[in-house]
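Please report on the salt bridges, the surface charge and the chain contacts of this protein.

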Amino acid sequence: MSINKINGTVSDTLSKVNGTNDALLSNMLVPSSKLKAPMINSHSVVFNGTSNWLDLDAVVGAISTETGTVALWFKMVTDQISIFWKCNSNTLPAQNYIQIYFISSNDKVKFQQEYGNSEVSYTTTATVNDGAWHFAAMSWTTDGFTAYLDTETSAVSGQSGEAPTMGKCAAGKNSLASGTTYYLGGHMNEIAMWDAALDADAIAAVYNSGKGINLTRDVGNYDNASDLIGYWKMEENTGTTVVDSSGNGETGTLSHSSLFSTDTI
């Protein structure tokens, strides 16, 4: 069977549509570089700023503090110092950590990397307590890190000290109980971690002009799907378990049930 002149030319021919590899559709292919990986995003989680968080300790054995990346989406609700994400060693000094948090005094985001009491940090120029969803990412090596907030980018160098072995990791709360405990008052969604330092083009593809993508598939300038070590999409809508969509089984645990929301990016 042949169907000719699909768009007015004889060269456009669909032949032998019989469920076998004999089926041919020519001149109607979309280049793979133009395809966007579909993303199903119907839920986020919302933290109350006092007692809610997402425990990500399951992933600490896969984190490389010498090179890696974290990306997440957030929306502020309360005006208080809030931890978006933090991983650190599980023994003092607590200075051995990588973290992203909200500074309530100026409504900006701060990125920090501290190994062996040697700290480097970056505070964004943009403010974020505006009732909108925002994207934050941080890629690091032992020489420093690059911070991303939506379209804002800054590279920070000069970090020194031995990279620690991480033992605690959380979103929405300090991951090591020392000093004051800070929680997030707001929404979080689409948290992902890689054991590679993603470049700026890959991060831009992940951001996708504020729409996000499905991180389990390579698409365009994002070619790091195989580097995912954890990917929590928050799509459960019930209970305290958050599935790791990377396929690595690094299940996250919410501190409370009924934290899911239909407010998403």
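## Terms and basis

Buried means under 20% relative accessible area, exposed means over 50%, and partly exposed lies in between (1.4 Å probe, protein chains only). This is a predicted model: local features need pLDDT of at least 70, side-chain atom pairs count only at pLDDT 80 or more, and totals for chains, interfaces and linings use all residues. Residues are numbered from 1 along each chain as its sequence is written, and side-chain values use heavy atoms, with hydrogens and water left out.

Helices (H or I, at least four residues) and strands (E, at least two) are DSSP runs, numbered from the N terminus.

## Salt bridges

A salt bridge is a side-chain nitrogen of Lys or Arg within 4 Å of a carboxyl oxygen of Asp or Glu. The whole structure holds 3 salt bridges.

One of them pairs D57 with K168, at 3.0 Å from N to O. D57 sits in the loop between β5 (54–55) and β6 (67–76), and K168 sits in strand β14 (residues 168–171), so this pair ties together parts that are 111 residues apart in sequence. D57 is partly exposed, with a relative accessible area of 21%. K168 is partly exposed too, with a value of 27%.

## K75 with D263

K75 makes a salt bridge with D263, and the closest N and O atoms are 2.6 Å apart. K75 belongs to strand β6, while D263 lies in the segment after β19 (260–261), so the pair ties together parts that are 188 residues apart in sequence. What is the relative accessible area of K75? For K75 it is 16%, so this lysine counts as buried. D263 is partly exposed, with a relative accessible area of 24%.

The segment after β19 also holds T264. T264 is buried, at 18% relative accessibility. T264 and H43 are 221 residues apart in sequence, but their C-alpha atoms are 5.8 Å apart in space.

## K233 with E190

K233 forms a salt bridge with E190, with the closest N and O atoms 3.0 Å apart. The pair links distant parts of the chain. K233 is in the loop between β16 (228–232) and β17 (241–242). E190 is in strand β15 (residues 185–194), 43 residues apart from K233. Are these two residues buried or exposed? K233 is buried, with a relative accessible area of 13%. E190 is buried, with a relative accessible area of 4%.

N237 is partly exposed, at 43% relative accessibility.

D199, D201, D218 and D223 gather in a patch of negative charge on the surface. Patches are made of residues with over 30% relative accessible area and no salt bridge; like charges are joined within 9 Å, and nonpolar side chains (Val, Leu, Ile, Met, Phe, Trp, Tyr) within 5 Å. Accessible areas come from the Shrake-Rupley method with a 1.4 Å probe; for residues, only the protein chains shown count as cover. Lys and Arg count as positive and Asp and Glu as negative; His and the chain ends are not counted. The place of a charge is NZ of Lys, CZ of Arg, CG of Asp or CD of Glu.

D201 lies in helix α1. D201 is partly exposed, at 47% relative accessibility.

## The loop between α1 and β16

N214 lies in the loop between α1 (200–207) and β16. N214 counts as buried, at 15% relative accessibility. The side chains of N214 and T216 are joined by a polar contact of 2.7 Å. A polar contact is a pair of N or O atoms within 3.5 Å; within protein, one must be able to donate a hydrogen and the other to accept it, and residues adjacent in sequence count only if both atoms are side-chain atoms.

G220 is in the loop between α1 and β16. At 55% relative accessibility, G220 counts as exposed. G220 and A205 are 15 residues apart in sequence, and their C-alpha atoms are 7.1 Å apart.

## Two further sites

C87 is in strand β7 (residues 82–88). C87 is buried, at 1% relative accessibility. The C-alpha atoms of C87 and D57 are separated by 8.7 Å, with the two residues 30 apart along the chain.

D150 is in the loop between β12 (144–149) and β13 (152–157). Phi of D150 is near 50°, a positive value in a residue other than glycine.
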